[in-house]
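I opened my notebook to write down what I could look up in this structure.

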Amino acid sequence: MPIGNHAIVIGGSISGMLAARVLSESFAHVTVLERDRYGDGPALRKGQPQGWHVHLILARGRMELERLFPGLGPDLEAAGAVCFQWSEGARVNGPFGWLPDYTSDRLLVRGSTRALLDWHVRDHLLRLPNVRMEEGCAVKGLLTDPSRRAVTGVRVARDSGDSEIYGDLVVDTSGRASASLKWLEEIGCAAPPESVVDCHLAYSCRWYEAPKDASPGWKLISTQPKAPDDPLSAAIFPIEGDRYIGGLATIGLKSVPDDDAGFLELAKSLRTPEFHAWFSAAKPLSPIYTFRQASNRVRHFERAPNLPDRYLPMGDVVGTLNPIYGQGITLAALSALTLGDSLARASGPDPLSAAVRSHLQRLPREVYATPWIMAALGDSLWPGTTIAVQSRFQRWLLREPWLWLFRRFSVAINRMAAEDPELARGLMEVMHMIKPPAEVLNGRLMRRAFWRMFRAPRPVPGVVPAPSR
Ligand SMILES: Cc1cc2nc3c(=O)[nH]c(=O)nc-3n(C[C@H](O)[C@H](O)[C@H](O)COP(=O)(O)OP(=O)(O)OC[C@H]3O[C@@H](n4cnc5c(N)ncnc54)[C@H](O)[C@@H]3O)c2cc1C
């Protein structure tokens with residue numbers, strides 16, 4: 001039994017498509033409005049500038065995407081996505097050395113471009129009989145009832161002219177560069193409070209053909225930064241068409257290179273020589289793309305004083321986390337599943353409004369809380385990080401001496417992970433959001449870590465040994 005007749009989704013990227021998928025179960029019709037046009041096949045779009053960059057979908061996100069769209073995984077693979085178990089194919093250089101070999105069959109990932117992923121998600125979505133996507137349709141503002149208490153639709157601009165579209169619910173997934181706050185201001189709604197933790201990260205990425213004579217023994221290779229003195233990280237990541245995306249990420253640097261010499265120079269300063277060697281040997285297939293403003297930012301819509309009814313922000317409109325942790329798409333999938341659950345559970349005289357209110361309250365607690373605190377804590381370890389958070393507890397936690405303590409703890413855990421396959425597996429399962437941190441950082445491990453924190457650190461070898469596989 002539908003909860004409403006028509007749901008409108010602003011933005012036809014990953015959050016919008018996943019939201020539309022769950023809305024299709026509770027509404028008679030769902031219309032996704034996308035400003036860009038997808039074209040005839042997978043292609044990068046103006047509205048998704050991050051699509052040029054490394055996009056890893058965590059194992060949890062892949063799993064949930066494929067739960068929402070059965071058959072998506074095999075379709076991606078048939079189109080060239082590279083499927084592998086993280087424990088077998090990924091070589092990860094942690095802050096204190098290569099992670100040891102471990103086994104886990106819970107970390108299946110598929111390497112592809114964002115364009116390929118979004119194309120196939122769209123293909124699956126549009127198989128649903130009650131969902132349509134209108135492309136080349138830019139939302140310009142929100143429509144409300146005369147009291148301005150509830151959103152009733154959107155104003156749109158198309159090539160054919162401007163018009164209005166009405167619906168029972170407007171889900172706003174217009175992304176990190178969206179005009180949502182302006183739209184809300186126009187209808188008299190105050191901006192929601194925001195929390196920001198910004199370590200001033202910048203990305204520099206390029207697409208490559210793999211070196212012909214290289215048999216690297218890995219599918220993906222990455223090296224993590226080491227707070228507080230080694231802010232450079234890198235990843236090389238397989239995508240469809242026997243290609244790779246290679247990227248460097250810096251913390252605190254004012255600029256990132258967008259030229260050959262600068263890119264190679266920066267790669268040379270990594271503590272792992274493998275990357276410079278690979279980048280020097282591989283054939284570039286693209287210019288170098290850069291991205292800044294990759295801070296952790298969450299808007300607390302649940303605390304917005306007069307958010308109108310029947311308006312639901314989701315995805316990057318609500319929160320963007322430092323992309324180095326690769327959580328965005330997984331959060332989009334978890335948000336959509338939580339929305340589906342809120343809609344299914346809704347009751348009372350106005351179940352739709354009840355579902356929206358409940359979802360807004362659940363998002364920060366059930367979806368964002370753990371990834372946010374992991375990202376915020378990790379990024380607060382860097383000198384110069386901007387910290388402006390709403391939660392009193394977090395304001396207390398994200399400052400000295402707690403950061404000093406956490407820095408030491410993180411050194412201890414990372415040193416232990418470089419020697420302990422069980423811990424390496426646990427940390428990777430936490431990173432992929434397969435396990436909650438508390439399951440890995442249990443009492444026994446915490447005792448070992450605290451003991452290690454105050455023991456003299458072992459010397460770190462100057463040259464990192466080559467991976468064993
Ligand atoms: C450099 C970088 C690297 C990243 N790497 C990863 C990663 O490795 N793994 C991961 O999971 N996540 C990663 N992310 C995050 C991920 O890209 C986002 O979390 C994800 O795309 C969220 O999608 P979204 O649908 O909320 O927003 P977007 O993907 O930004 O989509 C918004 C959509 O709305 C449309 N739109 C905007 N305004 C309007 C309008 N007025 N009318 C109609 N349509 C409109 C846009 O055209 C666009 O299609 C990365 C992000 C960045 C910046």
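**Overall picture**

I began with burial: of the 469 residues of the protein chain, 46% count as buried. I keep in mind that this is a predicted model.

Next I looked at overall dimensions. The C-alpha trace spans about 70 × 50 × 40 Å along its principal axes. A compact globule with 469 residues would have a radius of gyration near 23 Å, and the protein chain agrees because its value is 23 Å.

I also noted 15 helices and 22 strands in the protein chain. Among contacts with a separation of 6 or more, 73% join residues 24 or more positions apart.

In which order do the five strands of the open sheet stand? I read the order as 7-2-1-11-20, with parallel pairing. Strand 7 (131-135) and strand 20 (311-313) are at the edges; each has a single partner strand, so one side of each lacks a neighbour in the sheet. From one strand to the next, the twist averages 20°.

I then turned to helix 1 (residues 14-23), which packs on this sheet and touches strand 1, strand 2, strand 7 and strand 11 (169-172). The direction of helix 1 makes about 170° with that of strand 2.

As a reminder to myself, strands of a sheet pair through backbone hydrogen bonds, either parallel or antiparallel. Strand 1 (residues 4-10) pairs with strand 2 (residues 27-34) in the parallel sense, over six bridges.

**Around the ligand**

Which residues come nearest to the ligand? Of the 40 around it, I found Gly11, Gly47, Gly175, Gly315 and Gly328. By class, the shell has 15 nonpolar, 20 polar and five charged residues.

Helix 1, strand 2, strand 8 (138-144) and helix 9 (328-345) each supply at least two residues of this shell. Helix 9 gives the most, with four residues.

**Backbone details**

I looked up two cis peptide bonds. One runs from Ala227 to Pro228, with omega near 5°, and Pro228 sits in the loop between strand 14 (220-223) and strand 15 (232-239). Another runs from Glu400 to Pro401, also with omega near 5°; Pro401 is in the loop between helix 11 (392-397) and helix 12 (402-417).

Is Asp242 buried or exposed? Asp242 counts as exposed because it has 10 C-beta neighbours inside 10 Å. Although it is not a glycine, Asp242 has a positive phi of about 50°.

Key
Residues are numbered from 1 along each chain as its sequence is written. This is a predicted model: local features need pLDDT of at least 70, side-chain atom pairs count only at pLDDT 80 or more; totals for chains, interfaces and linings use all residues. Two strands pair if DSSP finds at least two bridges between them. Axes are lines fitted to C-alpha atoms, for helices over the stretch in contact, and angles run from 0 to 180 degrees between N-to-C directions. Two residues are in contact if their C-beta atoms, placed from the backbone, lie within 7 Å. The radius of gyration is taken over C-alpha atoms; the globule rule is 2.2 Å times the number of residues to the power 0.38. A residue is buried if 20 or more other C-beta atoms lie within 10 Å of its own, exposed if 12 or fewer, and partly exposed in between; C-beta atoms are placed from the backbone. A residue is near a molecule or strand if its C-beta atom, placed from the backbone, lies within 6 Å of it. Ala, Val, Leu, Ile, Met, Phe, Trp, Tyr, Cys and Pro count as nonpolar, Asp, Glu, Lys and Arg as charged, and the others, Gly among them, as polar.
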